[in-house]
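I opened the model to look up a few things about its fold. My notes follow the order in which I checked them.

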Amino acid sequence: MKSIVTGVGGQDGHYMVELLLSRGWDVLGVTSNSATLEGLAQEFTSSQFTATLLDFEAPNAVEHLIKEHLPDAFFNFAALATGSGMFNEPAKMSRINGGFALDVLEAARLWHPEMRICQASSAEMFGDSSSDSENERSCFRPKSPYGAAKLFAHNMIGIYRSVYGIHCSSAILFNHESIRRPDSFVTKKIACAAAQIKLGKTKTLALGSLETSRDWGFAPEYVDAMFLMATQDVPNDYVVGTGTLTSLKYLCKIAFEHVNLDYNDYVVLDSNFIRTIETQPLRACPESIFRDLGWRAKTPIAEVMRDMVDFEMEKISPIKPA
């Protein structure tokens with residue numbers, strides 16, 4: 001089996017490459033960053049993995065890759081990351097997070113309609129919801145350029161599936177974390193601060209609020225869900241999340257307790273870190289994906305945060321072998 005994975009420099013794309021290689025797939029990893037390309041070549045030495053550069057903003061740039069490789073599956077993680085940057089470069093974000101997905105769909109329609117596509121959508125599409133939890137039938141009201149661009153891609157997935165019969169699915173991913181989270185995400189910021197404060201590298205952690213809550217899960221499990229979606233007989237869209245809300249206060253408590261510190265002594269509130277527009281807490285209702293595919297989030301976010309802190313501690317002060 002052959003696959004193309006875009007955005008392999010990011011958390012999810014990286015985990016997807018690992019998953020596919022472990023299952024014996026041939027993988028073409030696609031990135032727009034030359035430094036990432038060099039790192040991938042050093043990390044993934046399997047003969048079944050190759051990587052290439054692509055300008056995600058260039059119209060139809062992906063067409064030649066699909067025509068040349070004719071993959072069985074295409075996993076699209078190409079996107080400008082969220083974190084604190086959901087309002088940065090809205091035009092670029094629209095093109096990459098929204099328009100590129102349409103390029104993939106159109107290339108499939110024209111040159112390889114048998115290809116299966118799984119799009120990494122986002123809970124940010126729900127925006128300012130008043131629902132207790134969000135499922136596949138919930139209303140979308142995005143409040144950021146990031147959410148709006150993701151919604152465009154999500155809608156195109158539905159159109160190409162129903163009109164052209166393309167096997168394409170949209171994974172509506174709620175927040176998911178791991179040691180590979182970029183620095184712009186609050187979970188990584190908390191893990192880094194706990195490790196740095198413990199080792200005397202810094203003294204405080206500034207956050208906008210401790211009351212913010214999200215549905216946080218473990219990234220590799222969400223990648224597993226997307227693989228299941230691409231390999232099922234009937235394509236469909238699924239909400240992927242834990243179904244549980246967790247506050248930043250709890251994440252700070254877990255992270256700092258893991259290094260025997262009290263977060264109250266180190267966390268300071270700074271209004272500069274409050275988001276321009278804060279959405280209501282969004283909680284997933286993942287009943288459909290469990291019913292249809294048997295997928296369920298398993299790893300508690302507390303366990304994920306402890307692993308992230310350990311990872312940061314090791315980076316700062318690696319244990320030397322005896």
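Which strands does helix α2 lie across? I found α2 (residues 34–43) lying across β2 (26–31) and β3, and running at about 170 degrees to β3. Helices (H or I, at least four residues) and strands (E, at least two) are DSSP runs, numbered from the N terminus. Axes are lines fitted to C-alpha atoms, for helices over the stretch in contact, and angles run from 0 to 180 degrees between N-to-C directions.

Before going on I noted that this is a predicted model, where local features need pLDDT of at least 70 and side-chain atom pairs count only at pLDDT 80 or more, while totals for chains, interfaces and linings use all residues. Residues are numbered from 1 along each chain as its sequence is written, and side-chain values use heavy atoms, with hydrogens and water left out.

**Sheet**

I traced an open sheet of seven strands, in the order β3-β2-β1-β4-β5-β6-β11, with parallel pairing. Strands pair if DSSP finds at least two bridges between them. The edges are β3 (49–53) and β11 (238–240); each has a single partner strand, so one side of each is left without a neighbour in the sheet. Neighbouring strands are turned against each other by 20 degrees on average, direction ignored.

I then looked at β1 (residues 2–6) and β4 (residues 73–76), which run parallel and are joined by four bridges. Ile-4 has Phe-74 in β4 as its bridge partner. Helix α7 (residues 219–231) packs on the sheet and touches β4, β5 (116–122), β6 (168–173) and β11. The direction of α7 makes about 145 degrees with that of β5. Contact here means heavy atoms within 4.5 Å.

**Helix pair**

How do α8 and α10 cross? The axes of α8 (residues 248–258) and α10 (residues 301–316) come within 9 Å and cross at roughly 45 degrees. The two helices are therefore oblique to each other (under 35 degrees is roughly parallel, over 145 roughly antiparallel, 65 to 115 roughly perpendicular, the rest oblique).

On the α8 side I listed Tyr-250, Leu-251, Ile-254, Ala-255 and His-258; they meet Ile-301, Ala-302, Met-305, Arg-306, Val-309 and Asp-310 in α10.

**Asp-233**

Is Asp-233 buried or exposed? I found Asp-233 exposed, at 69% relative accessible area (buried is under 20%, exposed over 50%, partly exposed in between, with a 1.4 Å probe and protein chains only). Asp-233 sits in the loop between α7 and β11. Leaving aside neighbours within four places in sequence, Asp-233 is in contact with Arg-116 and His-167.
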